[in-house]
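Here is a short note for a colleague who is opening this entry for the first time. Please read the points with the structure in view.

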Amino acid sequence: MTDHPNALRMRRAVERFMSGDMEGFLSNFADDVVWRTGGHNALTGVRRGRDEVGRWFRSWDAKTGGSHMIELVDVLADEQHLVVFLRIKADREDASLNVKVANAFRLGPDGSWKESWWLADDQEAVDRFFS
Amino acid sequence: MTEHPGVEGARASIDAFNRGDMSALREFYADDVVWHVGGNHDLSGDYRGRDELFAYFATVREMTGGTLTLEPEAILTSEDHTAIFMKVSGERDGKTLDVTLAEAFTIGPDGRWTEFWSLADDQDTVDAFWS
């Protein structure tokens, strides 16, 4: 399951995101993707469609001042489902973040990302950082 | 094809939950398990240690009069992690719950589960149900 083609696609996508290839990264989302973010912060809520999701990731980028480091810890996938575990670190002048996140995805027939929701091991730290 | 032990364990734990066999369920969790529940409802937050976790399970069962039922949709696993996508349904004070949860967990060295993320696809519905 960790070497499923959908898992390999996620590994490549995280590499693209980290190398600054935002368009390449966003191309993995389905046109009508639903992206859900919990918590109480500026990024919380539901974003629909690839354009809105793109804006969400650009505001993420802006909030971290581009300082974030995302390490893929593990990825599990079958034809229709995927869960990726990520270590996310970010530093800003006034705050820093270091959390482990579980991110669940429902996949489309072509392996694209149709719906996603995620949760951090320390939600309060995420809320403080992105408030 | 023989199922991966992680998949068998996940399935057995769901069966134990559904039939209310808490002593069988306890065996799956490490003593110092940490359980993260997302959302903004009365049960959101972190539960630390098996006793806290099982007090939480007892509360959940009590609040729903034992109607809460888990139906696995997909189980994914690797050496270190397992994820279960499941339909969760239940009733409480005339309210009904019908959502998909992704439960993602870390497997400790002895095979017991050490850290859990419980992620709901439709957090607003979950919040309304438990509040």
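1. Start with a term. A residue counts as buried if 20 or more other C-beta atoms lie within 10 Å of its own. The model is predicted. By that cut-off, 33% of the 131 residues of chain A are buried. For chain B, also 131 residues, the figure is 34%.

2. Chain A has 4 helices and 6 strands. Their order from the N terminus is α-α-β-β-α-β-β-β-β-α. The radius of gyration of chain A is 14 Å, close to the 14 Å of the globule rule for 131 residues, so chain A is as compact as a globular protein of that length.

3. Now chain B. Here too there are 4 helices and 6 strands, and the sequence runs through them as α-α-β-β-α-β-β-β-β-α. With a radius of gyration of 14 Å, close to the 14 Å from the globule rule for 131 residues, chain B is as compact as a globular protein of that length. The C-alpha trace of chain B spans about 40 × 30 × 25 Å along its principal axes.

4. Look at contacts along the sequence. Take those in chain A with a separation of 6 or more: 48% join residues 24 or more positions apart. In chain B the corresponding share is 46%.

5. Which residues of helix α4 of chain A are buried? They are A:Gln123, A:Val126, A:Phe129 and A:Phe130, within a helix that covers residues 123–130. These residues cover an arc of only 125° around the axis, which puts them on the same side of α4(A). Their cover includes α3 (50–63), β4 (81–92), β5 (95–107) and β6 (113–120) of chain A.

6. Next, the interface. On chain B, 18 residues are in contact with 20 residues of chain A. Strands β3 (69–77), β4 (81–92), β5 (95–107) and β6 (113–120) of chain B each supply at least two residues of the side that touches chain A. That side of chain B has 8 nonpolar, 7 polar and 3 charged residues.

7. Finally, the core. In soluble globular proteins, nonpolar side chains tend to be buried together. The largest nonpolar core here has 55 residues. The members that touch the most others are A:Leu82, A:Val83, A:Ala102, A:Ala104, B:Ala104 and B:Leu119. Leaving aside residues up to four places away in sequence, B:Leu119 touches A:Ala102, A:Ala104, A:Trp117, A:Trp118 and A:Leu119, along with B:Gly38, B:Leu101, B:Ala102 and B:Ala104.

Key:
Residues are numbered from 1 along each chain as its sequence is written. Chains are lettered from A and ligands numbered from 1 in the order in which they are written. This is a predicted model: local features need pLDDT of at least 70, side-chain atom pairs count only at pLDDT 80 or more; totals for chains, interfaces and linings use all residues. Two residues are in contact if their C-beta atoms, placed from the backbone, lie within 7 Å. Ala, Val, Leu, Ile, Met, Phe, Trp, Tyr, Cys and Pro count as nonpolar, Asp, Glu, Lys and Arg as charged, and the others, Gly among them, as polar. A residue is buried if 20 or more other C-beta atoms lie within 10 Å of its own, exposed if 12 or fewer, and partly exposed in between; C-beta atoms are placed from the backbone. The arc is that of the directions from the helix axis to the C-beta atoms. A nonpolar core is a set of buried Ala, Val, Leu, Ile, Met, Phe, Trp, Tyr and Cys residues joined through C-beta atoms within 7 Å. The radius of gyration is taken over C-alpha atoms; the globule rule is 2.2 Å times the number of residues to the power 0.38.
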